[in-house]
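Me: I'm new to this one. Can you walk me through a few spots?
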Amino acid sequence: MSKKLSFVSLGCDKNTVDSEIMLDLLTEHGYEITKDDNEADAIIVNTCAFIQAAQEESINTIIEMGGYKKTGKCKALIVSGCLAQRYADQIFEEMPEVDAVVGTGSYEKIVEVLDQLLCDHKKQVKAVDPMNERDLSYKRRTVITPGYFEYLKIAEGCSNRCTYCIIPYLRGDYRSRRKEDILEEAEDLARGGIKEVMIVAQDITKYGRDLYDDYFLPELLKDLCKIDGLEWIRLLYCYPEDVTDQLIQTIKEEPKIVHYIDIPIQHCSDTVLKRMKRHHTKQMLVDLLAKLRREIPDICIRTTLITGFPQESEEEFSEMKDFVRTSRFDRLGVFTYSQEIGTPAARMKGQIPDDVKEEREAELMQLQEEVSSEISASLVGREMTAMIEGRLPEEDSDEGHVYSARTYRDAPDIDGFIFLNSPDEYESGDMVRCKVTGSYEYDLIGEIL
């Protein structure tokens, strides 16, 4: 019997890891992965439901993939991930083309579910187990990133309970993975050619407190730095209240940890932060940014902000604009507040109209563009190490090639590039020394030395 499978992974990098875990289980049990949806006997859509826009993308993708049951060879359509966890029954009711749902607590059952559909010809198979009971002892994955960088998830779920966030309802409480499993997985990735790992979780700074009753992230990072083959270790999603002196010193002292940190602050106004149920204050942020830049002068700091949180006044928004001007974040992303059913913030009075949220988002991004342009210009003349991402064949000339690359200041998919000129041939994943010769708002120009 043919067992060709097409897999669509949506959403965040944590979801990418989950997709790779399921793919490893499926290929180990004889399923062949195909990129041709027309040829697939089964299609899996691993969904995101973090905000309304993500839910809409997931639903549209499910409908699109369901079309291959009529035009292709597809006999089974499976919806997995966050949308499946939260809306399993509604999916069956409203999308009859779906044959099974697999929630975020049930990924290890993906082979069993697919076998039931293709071999036993069952319909409407539901695997939605309690999120907190998910087995986190996996150590291998089938990599679907380009093959030289990968995400390393060190924990699942979140217990912060921010008033706007739906993650605990989709992923459960915060659960750290065992250090031994993480290290074994990282060693397997390095043996497979991975040079850069991004440490991810909903909040990596909470790592170990539930499992080891201690602040364990620095110790984990030091052990990861000992793995041969890994060259860059990048830290994403560090909540500001837990960026300790110990963590800062670890970043400073370990050469494999790039001088880059993602600290999602969401807002700076103490009144808004209190409504969000965040655990930091504006002064804590000011002190933390100063300390990071004092201890690690070349640190690249990324953050995210939310505009239009319920009751956000013009004064509170102006305070955030002033904060963006003075804090001079190297990287900044802005989201408009999404009113997610079931969260405390969704029930708050003073919901902000969408057009106001979007106007505020545009204002902040315009401010950040000016800041980023100035920071990029200040880097001209500096020498750095960069990782080649790919070649731009349309830019080839008699003088050589143009490559897109990333420096330590650039996380994949969310930050910019440095475009490098060179007469020599390079492959994706090669590490090169380069000199910055020009700049745009978010990207750099350089030459390979």
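Reply: One term to start: contact, or touching, means heavy atoms within 4.5 Å. Also, this is a predicted model.

Me: OK. Which residues does Val272 touch, leaving out those up to four places away in sequence?
Reply: Val272 touches His267, Phe309 and Glu316.

Me: How far apart are the C-alpha atoms of Val272 and Glu316?
Reply: They are separated by 7.5 Å. Along the chain, the two residues are 44 residues apart.

Me: Where does Val272 lie, and is Val272 buried or exposed?
Reply: Val272 lies in helix H10, residues 270-276. Val272 is buried, because its relative accessible area is 0% and buried means under 20%.

Me: New topic. How do the axes of H8 and H9 cross?
Reply: Helix H8 covers residues 217-224 and helix H9 covers residues 245-253. Their axes come within 9 Å and cross at roughly 15°. Angles under 35 degrees count as roughly parallel, so H8 and H9 are roughly parallel to each other. The crossing is left-handed.

Me: Which residues meet there?
Reply: From H8, Leu217, Pro218, Leu221 and Lys222. From H9, Gln246, Leu247 and Thr250. The residues of this contact divide into 4 nonpolar, 2 polar and 1 charged.

Me: And the largest nonpolar core: which residues touch the most other members?
Reply: Ile154, Ile199, Leu221, Leu224, Leu235 and Ile261, out of 53 residues. Helix H7, residues 179-191, gives the most to this core, with 5 residues.

Me: What does Leu224 touch, not counting residues up to four places away in sequence?
Reply: Leu152, Leu183, Ala186, Ile199, Leu230 and Ile233.

Conventions:
Residues are numbered from 1 along each chain as its sequence is written. This is a predicted model: local features need pLDDT of at least 70, side-chain atom pairs count only at pLDDT 80 or more; totals for chains, interfaces and linings use all residues. Side-chain values use heavy atoms; hydrogens and water are left out. Axes are lines fitted to C-alpha atoms, for helices over the stretch in contact, and angles run from 0 to 180 degrees between N-to-C directions. Helices (H or I, at least four residues) and strands (E, at least two) are DSSP runs, numbered from the N terminus. Angles under 35 degrees count as roughly parallel, over 145 as roughly antiparallel, 65 to 115 as roughly perpendicular and the rest as oblique. A crossing is left-handed if the near helix is turned anticlockwise from the far one by less than a right angle, and right-handed if clockwise. Ala, Val, Leu, Ile, Met, Phe, Trp, Tyr, Cys and Pro count as nonpolar, Asp, Glu, Lys and Arg as charged, and the others, Gly among them, as polar. A nonpolar core is a set of buried Ala, Val, Leu, Ile, Met, Phe, Trp, Tyr and Cys residues joined through side-chain atoms within 4.5 Å. Buried means under 20% relative accessible area, exposed over 50%, partly exposed in between (1.4 Å probe, protein chains only).
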